[in-house]
Amino acid sequence: MNEGTAIGFIGLGVMGEPMCRNLARKIGRPVVGFDRAQEPLTRLAAFGVSAAGSLKDLATQCDTILMALPSGKHVEAVCAGPEGLLAAVRPGTIVVDLGTSPVDLTRDIAARFETVRARYADAPIARTRQAAEDGTLSIMVGADETTFAALSPLLAVMASDVTHCGPVGSGQIVKIMNNMVLVETVVALSEAIAIARHSGLDDRILFETLMKGSADSFALRNHGMKAVLPGTFPERAFSTEYALKDLSYALALAADLGVRADGARTADRLLKEAAESGYGDLYWPVVSRIVDPQPPSKES
């Protein structure tokens, strides 16, 4: 492998592993992975992904580095830590944050990469684990035009929708707003189903009828029908703690801009109650259990 010609992928968790696998299968270039856990690296080796021994090792081999990390603090550690990417990347490298991170941190890290003549983009992902498996994610990109053009072919093998939202930080703004609206919508669905159940109405009839009217939404068809209605909130899905993290970014951005966000604050309070009730590691629509802790039985 020639120095600097590979694509690096850091963070091979629930979403990162299938994204990296799609990249390795479809892009026609070497892919180098890095993760603290060995298991995903072992699985990805079957698809030709080689394992880097360190961030420096990965940076030496790659001209594009993608990060799928849990939060902004993890991105900062990988980029700005004592053995992080800022100390190791070669000039011309493009570093991409595929996770959800604070807007101010994103812009700060981008400026720091510029000082070492590397480029930075935020490209947070949306949709489900199955979409990551199928390569049908939605990706919202914050980058200059030249960087976006360079990244588009890579992102297209992982996503069916890739949107250039504007300069660095813009992708994060759109993604944070996406998650804020989603959480508030699921809170509304949780309230609606609670009222319906306590009124004696069949909850499935409620949701199926809402899907035929103006209240229909992605949140209803996925989070409502597949989680809230059956009461299914598995671990190793997008957790309550992760939802709280993303909502905190939305509230911080709103505060910085002097915008009221009463609905987001209500959703934040309910998610915090869910975490305090022991649901922090469960799939975040478990917030419906806070809205209605004891739904009536079908027989009542």
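Predicted model: local features only at pLDDT ≥ 70, side-chain atom pairs only at ≥ 80, totals over all residues.

Reader: How is helix packing described, and at what angle do the axes of H8 and H10 cross?

Author: Helices (H or I, at least four residues) and strands (E, at least two) are DSSP runs, numbered from the N terminus. Axes are lines fitted to C-alpha atoms, for helices over the stretch in contact, and angles run from 0 to 180 degrees between N-to-C directions. Here helix H8 (residues 170-198) and helix H10 (residues 218-228) cross at roughly 55°, and their axes come within 10 Å. H8 is therefore oblique to H10; angles under 35 degrees count as roughly parallel, over 145 as roughly antiparallel, 65 to 115 as roughly perpendicular and the rest as oblique.

Reader: Is the crossing of H8 and H10 left-handed or right-handed, and which residues make the contact?

Author: A crossing is left-handed if the near helix is turned anticlockwise from the far one by less than a right angle, and right-handed if clockwise. H8 and H10 cross in the right-handed sense. Contact means heavy atoms within 4.5 Å. On the H8 side, the contact is made by Leu 182, Thr 185, Val 186, Leu 189, Ser 190, Ile 193 and Arg 197, and on the H10 side by Ala 219, Leu 220, His 223, Gly 224 and Val 228. By class, the contact of H8 with H10 has 7 nonpolar, 4 polar and 1 charged residues; Ala, Val, Leu, Ile, Met, Phe, Trp, Tyr, Cys and Pro count as nonpolar, Asp, Glu, Lys and Arg as charged, and the others, Gly among them, as polar.

Reader: How does H9 pack against H10?

Author: The axes of helix H9 (residues 203-210) and H10 are 11 Å apart, at an angle of about 170°. H9 is therefore roughly antiparallel to H10. Arg 204, Phe 207, Glu 208 and Leu 210 of H9 meet Leu 220, Gly 224, Met 225 and Val 228 of H10. The contact of H9 with H10 comprises 5 nonpolar, 1 polar and 2 charged residues.

Reader: What is the arrangement of H1 and H2?

Author: Helix H1 (residues 16-26) and helix H2 (residues 38-45) have axes 10 Å apart, at an angle of about 25°, so H1 and H2 are roughly parallel to each other. The crossing of H1 and H2 is right-handed. Glu 17, Cys 20 and Arg 21 of H1 make the contact with Pro 40, Arg 43 and Leu 44 of H2. The contact of H1 with H2 holds 3 nonpolar, no polar and 3 charged residues.

Reader: How many disulfides does a search of the whole structure find?

Author: A disulfide is a covalent bond between the sulfur atoms of two cysteines. The criterion applied is a pair of cysteine sulfur atoms within 2.5 Å. The search of the whole structure finds 0 disulfides. For Cys 79, the nearest cysteine sulfur is that of Cys 62, 14 Å away. For Cys 165, the nearest cysteine sulfur is that of Cys 79, 20 Å away.

Reader: Which backbone angle deserves attention in Arg 127?

Author: Most residues other than glycine have a negative phi. Arg 127, although not a glycine, has a positive phi of about 95°. Arg 127 lies in the loop between strand E7 (125-126) and helix H6 (129-134), and is partly exposed at 39% relative accessibility. Arg 236 has a positive phi near 60°. Arg 236 occupies the loop between H10 and helix H11 (240-257) and is exposed, with a relative accessible area of 65%.

Reader: Which residues does Arg 29 touch?

Author: Not counting residues up to four places away in sequence, Arg 29 touches Thr 5, Ala 6, Ile 7, Asp 63 and Leu 154. Arg 29 and Thr 5 are 24 residues apart in sequence and 7.9 Å apart in space, C-alpha to C-alpha. Arg 29 is in the loop between H1 and strand E2 (31-34).

How values were computed
Residues numbered from 1 in each chain as written. Heavy atoms only, no water. Buried < 20%, exposed > 50% of the residue type's maximum accessible area, 1.4 Å probe, protein only.
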